[in-house]
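Subject: Structure handover

Hello,

Here is the structure I promised to pass on.

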Amino acid sequence: MGDWHGPQGPFDIPDVPNYVPRRLKPWLFILFVLIVQFSGGVYLAAASDMVGTTALMQEDILMAGYASLVGMSINFCVMFRLKFRYSNRVSLLACGAVLIAANFICAHTTNVPVLVATCFVAGWFRMWATFACNSTIQLWLTPVRDMAIFFCYVYLVVDGAIQLSGIATIYTAFFSQWEYMHWIMSGLLALMMLMVLIFVKAVKGPIQIPLLGIDWIGAALWSIFMLCFTFVCVYGNFYDWWDAEEIRGAAILGVVSLLINLWRASFLHHPYITFQAMTNRNVIRATLIYLVFFTLLATEHVFEHSYAAAILGFDETNLIDLNWYVVCGVVAGCVFTYYTFALHKWRYKTMTAIGFALAGVYLAYFYFLIDYGVEKEMLFIPLFTRGFASVIISIVFLTSIVQSGLHFFVFPQALTINGFTGAVMGATLGPAIVGEFLRRVMAKNAALISGSMTDFNADIAHMPLGQLFGVVQQQALVVSMKEIYGWLLIVAIVSLTVILVSYGPIRPAAIFPKWRTIRKIFRREAKMHLQREAE
């Protein structure tokens, strides 16, 4: 997919006037990326505060947050079209205005469909703005367009912003109210728009690529499928899974949307996602790895918070301070992957084995460490290794998509699949499985513990019923968590063994084509579409 890249002159951004020093121009766009990444529809770190002050449930807020990820994923198929259709100035101003409106709506509405739809749109525009900025400075990051290098930067910014946004949200809510985070980010977005008006010119490419040949119906159907999948995973435990009409209805709607998409892909000339992308070996391999790997780390979403709050007694500020440990892991993981995978071209197999080994360390540490008297500092190693492992797997398998041999017109479709399986499924399916496992194991352990406590401890017999129930539930939670960590650790060891005995000589060689080559591809495609319409 790539071509040879010869030596180039000093990097410059023609969108920024020359009175801005050349060395500062890329950092201006990095600032824009950070502002955009910090601004979401809802801030999941403030979920408990939102539940306490609104009529929303925890599941409603999670659904809205994951809808933002769906919006970001579905945008991949059109982001190159948007890049060649609109200038950076127009893109950033439009995205800034939409994200400000999204922040305003999410700070005031308690209507769940409105909240979810707003977050979906916000995610779509956040991806647009992020790509507009990152594609502008790509040659500054890697003059030869080595995507392994570029993705190290991408995940450093994206994963780092996720953790730092949570920290900022909790401290904002602690010192004032959770709504103030929306006002702060609206102010920063307004500042970004002002800086765009001052420092970014409306520089257009030599040829404007029209938004033709895009399967918008397919985009809507794929969005419905992804949102239905997310709904089932998020609300499944609350509605008791298939016993509820809501879950059955969402499952049927999702399956119907998927089947219609597959049917349309069989005869459309340009479906939103083609069979070529869906059946690509690297895409399938990445999907399977994501499903296993992020299920192993799903305990983060299911009971890490419960353990730290209910067992260790951490308040909200101490809980969010644990994000700093994850930030350290993300930074270290990106730096490690940059030097080993991007620069020294370590094999995919080696990097995958390291990622799963670190996931095993994370699970083993919690399995042997979990207790009632754990200090906050003792959680550094497992949380650090979790952040370290997640960025390694994400960077490695996103790079493998670039190296999959897909035609560039199909490549963005593979990114959409990768974004959905890596971000949305990784954040919803694993927690749904582990959460249901925890519910069943806790019921079993609570029955065993309550029976043993009443049979052998006379002092407990005189304990008030409410206090006795709390003690039983607390002990059952600790025992159940240890049991689940043990089972997941076994899965991690088995997965690592399979990876180690497999044969994988391939090394990263993912070189991005030149932008003028990409422009020619889309220009040719637009001409063919116009010819077909004329016929």
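The notes below go from the whole chain to single residues.

**Whole chain**

Please keep in mind that this is a predicted model. The protein chain has 22 helices and 0 strands. It runs to 535 residues, and 56% of them are buried. The accessible surface is about 23300 Å². Carbon and sulfur atoms account for 67% of that surface. Now take the contacts between residues at least 6 apart in sequence. Of these, 84% join residues at least 24 apart.

**Aromatic pairs**

A search of the whole structure gives 33 aromatic pairs. One of them is Y290 with F397. Their ring centres are 6.3 Å apart and their planes are at 70 degrees, so this pair is edge-to-face. The cut-off for that label is over 60 degrees. Y290 belongs to helix 13 (residues 281–296) and F397 to helix 18, so the pair ties together parts 107 residues apart in sequence. Both Y290 and F397 are buried.

F341 and Y348 make another pair. Here the ring centres are 5.3 Å apart, with the planes at 70 degrees, so this one is edge-to-face too. F341 and Y348 are both buried.

There is also an aromatic cluster. Its members are Y325, F336, W346, F380, F384 and F388.

**Charges over rings**

Two cases are worth a look. R85 lies over the face of Y86, 5.2 Å from the ring centre. K482 lies over the face of Y367, at 5.1 Å from the ring centre.

**S390 in helix 18**

Helix 18 covers residues 380–402, and S390 is found in it. Is S390 buried or exposed? Its relative accessibility is 14%, so S390 counts as buried. The cut-off for buried is under 20%. What does S390 touch, apart from neighbours within four places in sequence? It is in contact with D159, F293, F294 and L297.

**A202 in a loop**

A202 sits in the loop between helix 9 (179–199) and helix 10 (216–235). Leaving out residues up to four places away in sequence, A202 touches S87 and R89. How far is its C-alpha atom from that of S91? The two are separated by 9.8 Å, while A202 and S91 are 111 residues apart along the chain.

Over to you.

Best wishes

Note on methods: Residues are numbered from 1 along each chain as its sequence is written. This is a predicted model: local features need pLDDT of at least 70, side-chain atom pairs count only at pLDDT 80 or more; totals for chains, interfaces and linings use all residues. Side-chain values use heavy atoms; hydrogens and water are left out. Helices (H or I, at least four residues) and strands (E, at least two) are DSSP runs, numbered from the N terminus. Buried means under 20% relative accessible area, exposed over 50%, partly exposed in between (1.4 Å probe, protein chains only). Contact means heavy atoms within 4.5 Å. Accessible areas come from the Shrake-Rupley method with a 1.4 Å probe; for residues, only the protein chains shown count as cover. Rings of Phe, Tyr and Trp (its six-membered ring) pair if their centres lie within 6.5 Å; planes under 30 degrees apart count as stacked, over 60 as edge-to-face and the rest as tilted. A charge sits over a ring if NZ of Lys or CZ of Arg is within 6 Å of the ring centre and within 35 degrees of the ring normal.
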